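Subject: Structure for you to look at

Hello,

Here is the structure I promised to pass on. Please open it beside this email and follow along.

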Amino acid sequence: MIQLGVLGSWNGFHVKEYAAMLAKNGEAKLVSISDDNEALAAAAAQGLSLTVKSHEELLADPAIAGVIVTAAPDRAAALIADAVAAGKAVLADKLIAVTGTDAERVAAAVRAGEVPFALDLPLAQKPVCLAAKHTLDSGRLGRLTGVRIRNAHGGLLKGMLPPHFVEDPSGLLTDIGLHGIYMACLLLGQPQAVTALSAGASASRTPETAVCVLEFGDGLLVTVEMGYVSPVSPFTLELFGTEGMFTGGGYAGSARIKGAADEDWTDLPLLQEHERPLTMLEQWLQDIEAGKEESEAWNLSQGIVIGRVLEAITRSLNQGVRATV
């Protein structure tokens, strides 16, 4: 049984999700957790039988083969670099850094360290998103003319968000909002510029809602919407082209396409559980078992793009300008 640790418990929800996925997988288990705020680590450890340690103690434990980094976004880069230096395999949750410079530095450390590494971008492997990518790659939509991605929930209204989420000005962008941002980049590459707007934010509070307009080549604009005050807002992914439109999402998960000459919409088949590709967690565990000689740094280049885009979004929000990436 592979023993794993958790570095950072900024997102305690994700700690529990990873624990549940590992329990289902049966190949590994979480044994310890650390955080700069010991109270947060203790809260995340409740019900999971995890030992709370300092970062240094956890990384020095020879029994721990790898770590899952779910730390505060501005701590991720340093903790990933420390884990790689300690020879631990690393699974990073959604980002490796919040600036392009730090992301490039972390990526260089990962490549030099040659440890099993994966950046987990879970939305990318959802059946609806896989169907969107397949449709885009097929060329059925013609030239792409617009993309809209919406990901929101009502956590702020329902009191579900922990105080440190609400009090972090970047909380929305680096939590639920980041899923739409990285999906846009996975589908289309690195944008050229970004303009971001938010509402309900302050110097010590995360926005209630935000919209990021990403500019790509050939005048393509991608709108990414996010929010914490929409209790009825199923995930939505729409692709518009000169020859048709793709729409996917919903609570149950469905996808449809309509060509310019079609009278009706056509439902697209979605991958079933047994057909889906390996999750990044599963791939990462396989790499740990195989040894570092067989490992690949999964999604590492995407981590650099995400860092650059997040830096530009922050600049756009803070200065009220269009920011180049």
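This is a predicted model: local features need pLDDT of at least 70, side-chain atom pairs count only at pLDDT 80 or more; totals for chains, interfaces and linings use all residues.

Two packed helices are described by the angle between their axes and the distance between the axes. Look at helix H9, residues 176-188, and helix H11, residues 300-319. Their axes come within 10 Å and cross at roughly 120°. H9 is therefore oblique to H11. The crossing of H9 and H11 is right-handed.

Which residues make the contact? From H9 come Leu178, Ile181, Tyr182, Cys185 and Leu186. H11 supplies Gln302, Val305, Ile306, Val309, Leu310 and Ile313. Of the residues in this contact, 10 are nonpolar, one is polar and none is charged.

**Salt bridges**

The structure has 12 salt bridges.

Start with arginine 148 and glutamate 238. Their closest N and O atoms are 3.4 Å apart. This pair links distant parts of the chain: arginine 148 is in strand E7 (residues 144-152) and glutamate 238 is in strand E11 (residues 236-241), 90 residues apart. Arginine 148 is partly exposed, at 25% relative accessibility. Glutamate 238 has 14%, under the 20% cut-off, so it counts as buried. Both belong to a network of salt bridges that links Arg148, Arg150, Glu225 and Glu238.

Next, glutamate 215 and arginine 322 meet at 2.8 Å, N to O. Glutamate 215 lies in strand E9 (residues 209-215), and arginine 322 in the loop between H11 and strand E16 (323-324), so the pair ties together parts that are 107 residues apart in sequence. Glutamate 215 is buried, with a relative accessible area of 18%. Arginine 322 is partly exposed, at 48%.

Last, aspartate 93 bridges to lysine 94, with the closest N and O atoms 3.6 Å apart. Buried or exposed? Aspartate 93 counts as buried, at 9% relative accessibility. Lysine 94 counts as buried too, at 2%.

**Two backbone angles**

Most residues other than glycine have a negative phi. Serine 49 has a positive phi, near 55°. Serine 49 sits in the loop between helix H2 (38-45) and strand E3 (51-52). Its relative accessible area is 70%, so serine 49 is exposed.

Asparagine 299 also has a positive phi, near 65°. Its place is the loop between strand E15 (297-298) and H11. Asparagine 299 is partly exposed, with a relative accessible area of 25%.

Best wishes

Notes
Residues are numbered from 1 along each chain as its sequence is written. Side-chain values use heavy atoms; hydrogens and water are left out. Axes are lines fitted to C-alpha atoms, for helices over the stretch in contact, and angles run from 0 to 180 degrees between N-to-C directions. Helices (H or I, at least four residues) and strands (E, at least two) are DSSP runs, numbered from the N terminus. Angles under 35 degrees count as roughly parallel, over 145 as roughly antiparallel, 65 to 115 as roughly perpendicular and the rest as oblique. A crossing is left-handed if the near helix is turned anticlockwise from the far one by less than a right angle, and right-handed if clockwise. Contact means heavy atoms within 4.5 Å. Ala, Val, Leu, Ile, Met, Phe, Trp, Tyr, Cys and Pro count as nonpolar, Asp, Glu, Lys and Arg as charged, and the others, Gly among them, as polar. Buried means under 20% relative accessible area, exposed over 50%, partly exposed in between (1.4 Å probe, protein chains only). A salt bridge is a side-chain nitrogen of Lys or Arg within 4 Å of a carboxyl oxygen of Asp or Glu.
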